[in-house]
Amino acid sequence: HDISEALDALDGRAGVTVNDMAHMEFRFVGALDHSKHGIPNLERQLAESPLLYMQVMALLWKRSDSGDDPSEWRIEDPERRGSVASAMHRVLDQMTRIPGTNADGKIVANDLTDWLTQVRALAAQYARADITDHCLGQLLAKAPPDSTGVWPCAAVCEAMERIASPEIAKGFLIGVHNSRGAQWRGEGGGQERELAAKYRAWSQQLAFESPYVASVLEKIAGSYDHEAEWHDSEANVSKRLRH
């Protein structure tokens, strides 16, 4: 709480740059999870710089080939490398700003598509294509709904539709499931059936204009169908054991 309040007081103060704030947010990222301040400057930098986002990927994941990364991306000391990687995981978990978001808070589809395209090109260059797509999918799963209530919003649908990556789809599904967090549950798979119905309804609404996104949402609905069946089976086993 104290760190969050201190960063709030510094943010925007004369002589304190966005880069200064981003460095401090990274330094205290472990303390800023679920805080009032969060990491707005750091995630803005990531959302504006495909190269910086790619550097995060490089610090987190090994290459899929035998090539070398730029020297400034390499950390030789194992202990420091592990510490930085842990912090980077927290940054990705806390990042909610969708790239392409303008000063008014509106996501511009062309800008988002450009950012995604540049990141994916860098990921191919530095041999981390699949894992980067997974991370991009998890980020896009944090998109807001459209003004009509349909999710995700039109700009994110448009960008996803243009790229139509199977690996982004996998990451998107993971992001949706991770967003549930801890929950109280009753007996059986009722909660999962409600979620399946919600995502299936969105899929049907998007089927004509965004068929790729609709197919991703249908897969999410199907995954919740399977979870519901599993919880129903578990509940039936528990009943039999009680009797």
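Does D69 count as buried or exposed, and at what relative accessibility? In this predicted model, D69 counts as buried, with a relative accessibility of 12%.

## D69 and its salt-bridge partners

The side chain of D69 forms a salt bridge with R63, in which the closest N and O atoms lie 2.9 Å apart. R63 is buried as well, because its relative accessible area of 17% falls under the 20% cut-off. The pair also belongs to a network of salt bridges that links R63, D65, D69 and R128, and a search of the whole structure finds eight salt bridges.

## Helix α8 and its surroundings

Helix α8 runs through residues 129-140, and its 12 residues reach 16 Å from the first C-alpha to the last, close to the 16 Å expected at 1.5 Å a residue. Its buried residues are T132, D133, C135, L136, G137, L139 and L140, and what covers them includes α5 (50-60), α6 (78-94), α7 (109-125), α9 (154-163) and α10 (166-178).

One of these buried residues, D133, has a relative accessible area of 5%, and its side chain meets that of R120 in a salt bridge of 2.8 Å, N to O. This pair links distant parts of the chain, with D133 in helix α8 and R120 in helix α7, 13 residues apart. R120, by contrast, is partly exposed, with a relative accessible area of 29%.

## A pair within helix α10

The side chains of K170 and E167 meet in a salt bridge of 3.3 Å, N to O. Because K170 and E167 are three residues apart in helix α10, about one helical turn separates them. K170 is partly exposed, at a relative accessible area of 48%, whereas E167 counts as buried at 16% relative accessibility.

Technical notes: Residues are numbered from 1 along each chain as its sequence is written. This is a predicted model: local features need pLDDT of at least 70, side-chain atom pairs count only at pLDDT 80 or more; totals for chains, interfaces and linings use all residues. Side-chain values use heavy atoms; hydrogens and water are left out. Helices (H or I, at least four residues) and strands (E, at least two) are DSSP runs, numbered from the N terminus. The expected span of a helix is 1.5 Å times one less than its number of residues. Buried means under 20% relative accessible area, exposed over 50%, partly exposed in between (1.4 Å probe, protein chains only). Contact means heavy atoms within 4.5 Å. A salt bridge is a side-chain nitrogen of Lys or Arg within 4 Å of a carboxyl oxygen of Asp or Glu.
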